[in-house]
Amino acid sequence: MERYSVFGLVILLAVLSLVGLIFSGWFLIPYILFSLLMILGIRDVVQPRHAILRNYPIIGHMRFMFEGIRPEIRQYLIESDQDEEPFSRDERSLIYQRAKGIEDKRPFGTKQRVYDSGFQWLTHSVMPHHIEDHDFRIHVGGRDCKQPYDLSIYNISAMSFGALSANAILALNTGARKGGFAHDTGEGGISRHHREGGGDLVYQVGSGYFGCRTPEGRFDPEKFKQQARDPQVKMIELKLSQGAKPGHGGVLPAKKITEEISEARGVPMGVDCVSPPSHPEFSTPIEMCEFIGRLRDLSDGKPVGIKLCIGHRREFMCMVKAMLETDIVPDFIVIDGKEGGTGAAPVEFADRLGMPLVEGLTFAHNTLRGVGLRDRMKIGASAKMVSAFDIARILALGADWANSARGFMFSIGCIQAQACHTNNCPVGVATQDKLRQKALNVTNKSERVYRFHQNTLKALAEMTGAAGLDHPGQFQPHHLLMREKSRDMVTGDEVYPYLPEGFLLRGEDVGFGYLKRWTRARAESFAPVDYMP
């Protein structure tokens, strides 16, 4: 019966407090307190939902309280500086320091375990270069593009208004304008807060066609033309899938749709906003390419690309075969790793579905090399890149530029509370609560966005120069080394080599399963050639 001891003690103290009222009115306070606890204990004993409360009335609530604050206890008191949950304290501290413009140097040497398997590093030169200009840019726009764009090598990845607050969007976009880099709208459309910031936009078109949809949820070419031809929009990104929840649609409940969200997405108030898992405007690789060509024409020749997390590798090859057959080639492809973030996703999707960035990027890069298309389009990469090394590593493995979502979220004050889906973000970043987001000072945070971008690229310039290079785009796999086991090290080109140009067109089997998948891919369908319906 010891499990009822606290409940019994509360009853006893309530009775004693009642008796004490005979002698002094001050006993009213403990009497009210213990009476309320006694009522709570009675409720716990009779309620049918929680066994722990029935067996441990009153004190059982301690379990739920500690469970509720477990993430904070772990983050602030238990986890080490290198524990990733999903970003380590070292990573977050680096972002905060660079965003605030304060000292980001470290004394006493590295805290990394340099002899543990998985450790990676870049090679350096005995003849380092000094790079004056860290405003690294790449030219995006193929031969069919009329309005190419000189894109920064580091940009804000897709985050929709609705997932982020108005002040967060405005701070991010204002910072992007100050730094001259791009801000991806996410599939939630272009809001008034994007326009107010005045920064360059990558207009993402998802399966819900927000901002360019008919009342039935289909693509509206006239609305798209109006959005895409806005001078603030520099590129168009057709989203096929997202790293954290590939193959999963979404529903924004009617109760969460504000007037501003309704305006940006072009959806009615009082109705659930549905984003289907796949695009209703095309169902085959050839139709997808034709849709890309249509978007390019409607946007008056702006760069148009696709974003996806690699799943079935053969399906990506189906897209590539369609590009060859139609001669409609995207100006860019953004590869999103499954380690990417999202406001909310089913646990199984976030943990176990989709290909991580490194494998997805190297596969896409080598497939395009295999058919001679790599020089006709640029590749962006998105997923957990917050430091100069992260960017250099991904450029070495085949990307042309890097996007970061959570890195820039940290720069405006995100503390990794992981409450993005609750509308209770403690710092006003991922919420539509007017009072909570009011705490996010746009003027101050936009300056932090600008400084984080600038200081990260300055660090990248220093790493590039230390490697004896003049531009980060010159990093190659052989510049990257990694410890495969506790003693052995391998170079990046041994693990992630650049495969020969045109090998797929020549039918060469270079290993890794490329040719086998290529022979089963077709431009007319995403199904394999040997599929029998």
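Visitor: How many cavities of 30 Å³ or more are there by the rule?
Guide: The count comes to 2. A cavity is a set of points on a 1 Å grid over the protein atoms alone where a 1.4 Å probe fits but cannot get out. This is a predicted model, in which local features need pLDDT of at least 70, side-chain atom pairs count only at pLDDT 80 or more, and totals for chains, interfaces and linings use all residues. Residues are numbered from 1 along each chain as its sequence is written, and side-chain values use heavy atoms, with hydrogens and water left out.

Visitor: What makes Asp331 a lining residue of the second largest cavity?
Guide: Lining residues have an atom within 4 Å of a cavity point, and Asp331 is listed there along with Gly142, Arg143, Asp144, Arg296, Val329, Pro330 and Arg376. By class, that lining has 2 nonpolar, 1 polar and 5 charged residues; Asp, Glu, Lys and Arg count as charged, so Asp331 belongs to the charged class.

Visitor: Why is strand 12 called mostly covered?
Guide: Buried means under 20% relative accessible area (1.4 Å probe, protein chains only), and 4 of the 5 residues in strand 12 (residues 378-382) are buried.

Visitor: How do you know that strand 12 pairs with strand 13?
Guide: Two strands (DSSP E runs of at least two residues, numbered from the N terminus) pair if DSSP finds at least two bridges between them. Here 3 bridges join strand 12 to strand 13 (residues 401-404), so the two pair, and they run parallel. Ala381 has Ala402 as its bridge partner in strand 13.

Definitions and conventions
Buried < 20%, exposed > 50% of the residue type's maximum accessible area, 1.4 Å probe, protein only. 1 Å grid on protein atoms, 1.4 Å probe; cavity = no way out; pocket = protein on both sides within 12 Å on 5 of 7 lines; lining within 4 Å. Points joined across faces, edges and corners; volume = space filled by probe spheres on them.
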